[in-house]
Amino acid sequence: HGTDMAPYLSLADQNRLVVTLPDTSTQMGISAALGALDDKIESNRTLQALAEALGSAVLESVLEPDVYGFPEYAADHRLGDVISVLETGSRPRGGASVGCAGVVSLGAESVQSAGVTTTTSFKTVPHEYAESMRRGRLEDEDVLVYKDGGTPGNFTPHVSAFGHGFPVRAAVINEHVYRTRARAGVSQGLLYWVLRSPWMDQEMRKRGTGVAIPGLNSSNFRDLPWPRLSDEQVALLNAKLSPLLTSLLYLGTQNRTLATLRDVLLPELLSGRIRVPEAEDAVAEVIA
C-alpha cells in the first residue's frame, strides 16, 4: 500500500501473511547447528581478550612502570627511530564506495583492534586505483593507527592491525590512517602493544589534542617516546608478543568466516534447501 514515495505494509496485511516454519524438531536442529557457530565465535572473542591482556601484561612486566603508569623512556630513541614505514593512504575523487566491487579501503570506522571489527560492510576503491597507489597498500601484520578523530579539541587515537585474512585478504587505507612497520630487530607484536599501551595512548592524546581538527601529524607521531629497553628485553618481548599478534589476527579471520557461514546457512535451512545434517557437517568442518 501507499504511494510510490512512501510504500508501507499495514498491520492488518501483516497479520494476514502466511509464514511457513519447519517442524519443531527441525527448528531445534537448526538452533543447535547455528548455536555451535555462535558458541565458537564467543569462545574466540574470549581468547582474543585474554591475548590482548596477556600481551599488555608481558610488556608491563618488562617495563616496570612508575606509580603513574609511565615507563622510563629511552633518552636517545624516539618512535621515529624504531619504525621503518609510516604512511597514509588515499581515496579517489568522490571517496570510497559501499557495496561496490573493488579493493577494500579501511578507515577509522572499520577496525577496532587486531582481530576485532565492528562492521561487515567495507568501503572499496576501484582495482585500478588501488594498484596505482604508491602508499597505503597493506601487508600482513601492519600496525594501523587512526590518526584523525575525536571531538573538536580532543583527539581519540585507535590502534589496530591487519593481516592473515583479517579483516579481508587484501586492502588499502585512506588518508586518515597510518600504516606502520618496525625496523629490523623490533617485531610488529612489540610495536602493536607499545602503541596500544595506556601510557602511549596518553602521549598521543597530548600531541593530537588542542587543535581545531584533532589529529596526529607525522612529525608528532615520530616524536612519540620509546621505552628504555635492552637488547635482551627486546628479544624477549619479540618472542612472546609476535605469536600473540598473529593469533589475534587468525582468530579474527576465523570469526568472520564463522559469521558468514551462519548468515548463509540460516535462510537455506529455513527454506529446506539444506537439511540439518548437511549443515551440521559444514559447521563441524569449520570449527574442527
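Here is a friendly set of notes on this predicted model, to read with the structure open beside you.

1. **The whole protein.** Start with the overall picture. The protein has 288 residues, and 43% of them are buried. Its secondary structure comes to nine helices and twelve strands. Taken along the principal axes, the C-alpha atoms fill a box of roughly 75 × 45 × 40 Å.

2. **An open sheet.** What is the order of the four strands in the open sheet? Follow E3-E7-E4-E10, and note that the pairing is mixed. Strand E3 (97-98) and strand E10 (171-173) are the edge strands, since each pairs on one side only. E3 and strand E7 (residues 123-125) pair in the antiparallel sense, over two bridges. To find this pairing on screen, look for Ser-97, which stands opposite Thr-124 in E7.

3. **A mostly covered helix.** How many of the nine residues of helix H5 are buried? Eight are, so this helix, which spans residues 188-196, is mostly covered. Among the buried residues are Leu-190, Leu-191, Tyr-192 and Trp-193. Arg-196 also belongs to helix H5, but Arg-196 is partly exposed, with a relative accessible area of 32%.

4. **Backbone angles to check.** Most residues other than glycine have a negative phi, and most peptide bonds are trans. Glu-64 has a positive phi, near 50 degrees, and is not a glycine. Glu-64 sits in the loop between helix H2 (24-63) and strand E1 (73-78), and is exposed, with a relative accessible area of 64%. His-164 also has a positive phi, about 55 degrees, although it is not a glycine. Is His-164 buried or exposed? At 16% relative accessibility, His-164 counts as buried, because the cut-off for buried is under 20%. His-164 lies in the loop between E9 and E10. Pro-167 is found in the loop between strand E9 (158-161) and E10, and a cis peptide bond joins Phe-166 to Pro-167, with omega about -10 degrees.

5. A search of the whole structure finds 16 salt bridges. One of them joins Arg-91 and Glu-175, with the closest N and O atoms 2.5 Å apart. Arg-91 lies in the loop between strand E2 (83-87) and E3, and Glu-175 in the loop between E10 and strand E11 (177-182), so the pair ties together parts that are 84 residues apart in sequence. Arg-91 is partly exposed at 29% relative accessibility, and Glu-175 is partly exposed at 28%.

6. **A salt-bridge network.** Which residues are linked in a network of salt bridges? They are Glu-87, Glu-139, Asp-142, Arg-179 and Arg-181. Within it, Arg-179 forms a salt bridge with Glu-139, the closest N and O atoms being 2.8 Å apart. Arg-179 lies in strand E11 and Glu-139 in the loop between helix H4 (127-132) and strand E8 (143-146), so this pair ties together parts that are 40 residues apart in sequence. Arg-179 is buried, at 5% relative accessibility, whereas Glu-139 is partly exposed, at 41%.

7. **A salt bridge between sequence neighbours.** Lys-147 and Asp-148 meet through their side chains in a salt bridge of 3.3 Å, N to O. Lys-147 counts as buried at 15% relative accessibility, while Asp-148 is partly exposed, with a relative accessible area of 22%.

8. Which residues form a negative surface patch? Look for Glu-278, Glu-280, Asp-281 and Glu-285. Glu-285 is placed in helix H9 (residues 276-287). With a relative accessible area of 67%, Glu-285 is exposed, because the cut-off for exposed is over 50%.

Terms used. Residues are numbered from 1 along each chain as its sequence is written. This is a predicted model: local features need pLDDT of at least 70, side-chain atom pairs count only at pLDDT 80 or more; totals for chains, interfaces and linings use all residues. Side-chain values use heavy atoms; hydrogens and water are left out. Patches are made of residues with over 30% relative accessible area and no salt bridge: like charges are joined within 9 Å, nonpolar side chains (Val, Leu, Ile, Met, Phe, Trp, Tyr) within 5 Å. Accessible areas come from the Shrake-Rupley method with a 1.4 Å probe; for residues, only the protein chains shown count as cover. A salt bridge is a side-chain nitrogen of Lys or Arg within 4 Å of a carboxyl oxygen of Asp or Glu. Lys and Arg count as positive and Asp and Glu as negative; His and the chain ends are not counted. The place of a charge is taken as NZ of Lys, CZ of Arg, CG of Asp or CD of Glu. Buried means under 20% relative accessible area, exposed over 50%, partly exposed in between (1.4 Å probe, protein chains only). Two strands pair if DSSP finds at least two bridges between them.
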